[in-house]
Amino acid sequence: MAFDGIVVAGLVHELKQELTGGRIAKIAQPESDELLLTVKTGTGQKRLLISADASLPLVYLTDKNKPAPMTAPNFCMLLRKHIGGGRIVDIAQPKLERIIHFTIEHLDEMGDLCRKELIAEIMGKHSNIIFCTEDGKIIDSIKHVPAQMSSVREVLPGRDYFIPDTMHKADPLTVESGGFCRLLEEKPVPLSKALYTSFTGISPVTAEEICSLAGLDSSVPAKEYSPDILLHLYNQFSIYLSAVKEGRFCPAIYYRGRGPEEFSALPLSHLADCECREYPTLSAVLSTFYAARSQLTRIRQKSADLRHIVQTALERSRKKYDLQLRQLKDTEDREKYRIYGELIHIYGYHVAEGAKTLEAPDYHTGEMISIPLDATMSPQENAQRYFARYNKQKRTFEALTGLTRETKEDIDYLESVQTALDIALTEEDLSQIRDELAGAGYIRRRTAKKKAKIKNEPLHYLSSDGYHIYVGKNNLQNDELTFHFASGNDWWFHAKQAPGSHVIVKSGGDELPDRTFEEAGRLAAYYSSMRGSDKVEIDYVEKKHVKKPGGAKPGFVIYYTNYSLVIDSDISGIPMVSSGN
């Protein structure tokens, strides 16, 4: 799953066809490290997404618009000033680097025609979007990189732009056979690793493909092969990369089992055990492969503060619970002290002065027990000492029993919020969870201004038999779904003894088919902390048997008569009707 130089080459080929000659009509910065350019071309309006997100950098054409902040960031304003209305005259990739240069022609303040460079660097955590003059002077960048952050290259206004050559890799599009063989022979590593560490733009999966095409074992070092075999490898290498030079790309995603395994701009014949699905463009491949992952990455970043609050509260509650359990364990002998006191009352007249023990029969079992005594006290005082210890532990037990139950409820609740954060897909989901935590007293309510009511609905699926299935995304939504939306004869599902969503199947008074029960069970398993498990126990019952105790936390319910099933958490075959927003 590599966004390598070959994928970038295919993307550049596609963007040149779609965007060259187009005018930049709109520039937005939806995220701190992301640009969305709207370009008007002869064939219509196009949207170009450029993301320098460290965890998921991307460049592709998209049909979807994204809301921009009310106040545009400084970098966005700078681009609007310089290249708003500008024309894209060229799109290029230096060598086979993961870098795309957009050359934009525009009028300066004096009305003279000039050019600027918008450079997208797709390099993992070092990804950036850099705006330069035509002669390579940095005007600004979406991420500033001072000398304290990088000793290799500063990315700051006024600095010269250059591509750092830290790995000393060769250009695979121009390398000759002699240089190719020499580079591989110099590296005492497996052949595939020698390929991707010697040449720019070659990912491990591409290196495996080239070795496979040549019929060579990729795990054997290059120096173990004869010069003739390495020359044969070079020929396969050149043939494979000739498609890049000629612009012959085959965008595809390779699926193994239920999920995508790889994507590529060129065929990957060594993945013969995967299902290959071809797409018309690389943008379609990238949006399909990464769109959901990108959204989840963004939401996970935005939920970091809520996760920290919940995790901190959860750790505190777990420590408190462990302490309470230890204290509760210390009260297990309380009845023994009561019996000691009573036996001393009964048989204390036999105790000699200064005795340290009393031997007496336990009236419950008839066995003789030895009761320790304080020799400085009278039998009556010893009895009172044991009664006092019993009463103290009894009070502690009664108090801790309630406190322990409350703490366990807090833990269960916070774990359910953690699961809701894992399920969250949108900012509306996070806002509703934030409101829930504020209502529970874990964070302060926002009082600066009255907030608009959040429109957020449960997830909506359709079973194979045509029954509507709804899934709550957080505890507030679970309560609403179960106690206000569902009817008495609808069916309610939940993962057994695990935090997760309430799942409701609208029965319409029908007797549900077994397949619908199974699909609802899979949804309950998937939207729980047991997601990914092959065997999840699911409780299900008619909604009329589900009750909510007075004063219970959001999402907490009780039920006494239920059915159970054990099922996996694979929901790939259940179509979603609505994402819940």
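Which residues have the most contacts inside the largest nonpolar core? They are Phe 102, Leu 118 and Phe 180, in a core of 84 residues. Keep in mind that this is a predicted model.

**Nonpolar cores**
- Take Leu 118, one of the residues with the most contacts inside the 84-residue core: leaving aside neighbours within four places in sequence, Leu 118 touches Leu 35, Leu 37, Ile 50, Leu 79, Ile 100, His 101, Phe 102, Ile 104, Ile 129, Ile 130 and Phe 131.
- Another core, of 26 residues, lies apart from that one, and Trp 491, Val 505, Leu 523 and Tyr 527 are among its members.

**Helices H10 and H11**
- H10 spans residues 379-423 and H11 spans residues 427-439; they pack at about 165 degrees, with axes 10 Å apart.
- Angles over 145 degrees count as roughly antiparallel, so that's how H10 and H11 run relative to each other.
- Their crossing is left-handed.
- On the H10 side, the contact comes from Tyr 413, Val 417, Ala 420 and Leu 421, while H11 brings Leu 430, Ile 433, Glu 436 and Leu 437.
- By type, the residues of this contact split into seven nonpolar, no polar and one charged.

**Thr 419**
- Thr 419 also sits in H10.
- With a relative accessible area of 6%, Thr 419 is buried, since the cut-off for buried is under 20%.
- Setting aside neighbours within four places in sequence, Thr 419 is in contact with Pro 499, Gly 500, Ser 528 and Ser 529.

Notes: Residues are numbered from 1 along each chain as its sequence is written. This is a predicted model: local features need pLDDT of at least 70, side-chain atom pairs count only at pLDDT 80 or more; totals for chains, interfaces and linings use all residues. Side-chain values use heavy atoms; hydrogens and water are left out. Axes are lines fitted to C-alpha atoms, for helices over the stretch in contact, and angles run from 0 to 180 degrees between N-to-C directions. Helices (H or I, at least four residues) and strands (E, at least two) are DSSP runs, numbered from the N terminus. Angles under 35 degrees count as roughly parallel, over 145 as roughly antiparallel, 65 to 115 as roughly perpendicular and the rest as oblique. A crossing is left-handed if the near helix is turned anticlockwise from the far one by less than a right angle, and right-handed if clockwise. Contact means heavy atoms within 4.5 Å. Ala, Val, Leu, Ile, Met, Phe, Trp, Tyr, Cys and Pro count as nonpolar, Asp, Glu, Lys and Arg as charged, and the others, Gly among them, as polar. A nonpolar core is a set of buried Ala, Val, Leu, Ile, Met, Phe, Trp, Tyr and Cys residues joined through side-chain atoms within 4.5 Å. Buried means under 20% relative accessible area, exposed over 50%, partly exposed in between (1.4 Å probe, protein chains only).
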